[in-house]
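Have a look at the fold first, then read on.

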Amino acid sequence: MKVSLIEKPGVLVLADRNEPQIMNPTDVKMKVKCVGICGSDMHILHGTNAFAVYPLVWGHEAVGEVLEVGRAVTKVKPGDHIAAEPIRYCGTCYACKKGRHNACHNLKVMGAHIDGAAQEYFVLPEENTFLIPSEIPYEHAVLTEPFTIGAQACLRGGVEAGDTVFIMGAGTIGLTILVNAKLLGAKVIISDIFDEKLDFARGLGADVCLNAKKQDVIEEVKNITDGYGANVVVDAVCTVSSFEQAIDAAGAAGRIVEMSFNTKPSEIAPVKLAAKELTVLGSRHQTNRFLPVIEYLKAGKLPVDDFVTRKYPLSEVSEAFHYAGKHPALVRKIIVEME
């Protein structure tokens, strides 16, 4: 079978491998239909992901059809359409026992620590499969995982109806946070440096869009909130300075949700945290967000069609990555169709 392999930073190839087989009673074998290209995949290709292990089959946003199941599988059956949860967790560490398997001490993420789903056939544990209604196109279903990231950010920030949420960054993840926050009844302010992204965010229901190149976004947030600041600030820009700005944009008793894996330290004066009694939370992957997001998907509440920027066949995967890298203002989701 064909796989899309990142041999080392900067080197993306199509390779031949033996088709994987079911080895455990709870294994599920799927024929992969679509894989989405995520910003983290771009970082892995460019060698800027600190967690990546090379050589690596990329791809953690995947959907497909069940071909075969192990003898102990009861959740899915051949012919079912499924979305793949990309994280593997131990179930026994402190985080897992607290129900936060996304922060597992022994966490493995497909497409980063272990091979991902950019291959024609893929075997994964039953617990990592989620049923998708067959009437939902695969190109829409593949957006399930990205929307779980937005749902997790809102969960971590405790977003509620009536909150004012300030999202820094209108990239794909920032936009999924926007959609989830609006579904929860929040007022949403979003910023970016590209007007094209902000125009799209406005179409998704953003209440206020700010261009960080043209406006002092911190002052604008304070003006919009009568000097108070946002109740929830989500840093989806993920730079050294954006974390610092997030602290300044938050109001008293506010929550800051940090999405960044930046290894460079930011300078935060402790008084800024203590004086406003802010809560700073990390957000990584998702915890039990697949089912609620799939319910949104089934109800037609997710603007999935608008998120699909382009589709490429597996044979043109290099062109897909190239386009994603060259057009950051236009790309929301590039999909690679495996057939």
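Two strands count as paired if DSSP finds at least two bridges between them. Keep in mind that this is a predicted model.

Let's start with the sheet. It's an open one, built from 6 strands in the order S13-S12-S11-S14-S15-S16, with parallel pairing. Strand S13 (208–211) and strand S16 (279–282) sit at the edges with a single partner strand each, so one side of each has no neighbour in the sheet. Going from one strand to the next, the twist averages 20°.

Strand S15 (residues 250–258) pairs with S16 in the parallel sense, over 4 bridges. Which residue of S16 is the bridge partner of Val-257? That's Leu-281.

| Helix | Strands touched or crossed | Angle |
|---|---|---|
| H6 (residues 195–203) | S12 (187–192) and S13 | about 175° with S13 |

Then there's a helix pair. Helix H7 (residues 217–224) packs with helix H8 (residues 240–249) at an angle of about 20°, and their axes are 10 Å apart. On the H7 side, Ile-218, Val-221 and Lys-222 make the contact, while H8 brings Gln-245, Asp-248 and Ala-249. By type, the residues of this H7 and H8 contact split into 3 nonpolar, 1 polar and 2 charged.

Key:
Residues are numbered from 1 along each chain as its sequence is written. This is a predicted model: local features need pLDDT of at least 70, side-chain atom pairs count only at pLDDT 80 or more; totals for chains, interfaces and linings use all residues. Side-chain values use heavy atoms; hydrogens and water are left out. Axes are lines fitted to C-alpha atoms, for helices over the stretch in contact, and angles run from 0 to 180 degrees between N-to-C directions. Helices (H or I, at least four residues) and strands (E, at least two) are DSSP runs, numbered from the N terminus. Contact means heavy atoms within 4.5 Å. Ala, Val, Leu, Ile, Met, Phe, Trp, Tyr, Cys and Pro count as nonpolar, Asp, Glu, Lys and Arg as charged, and the others, Gly among them, as polar.
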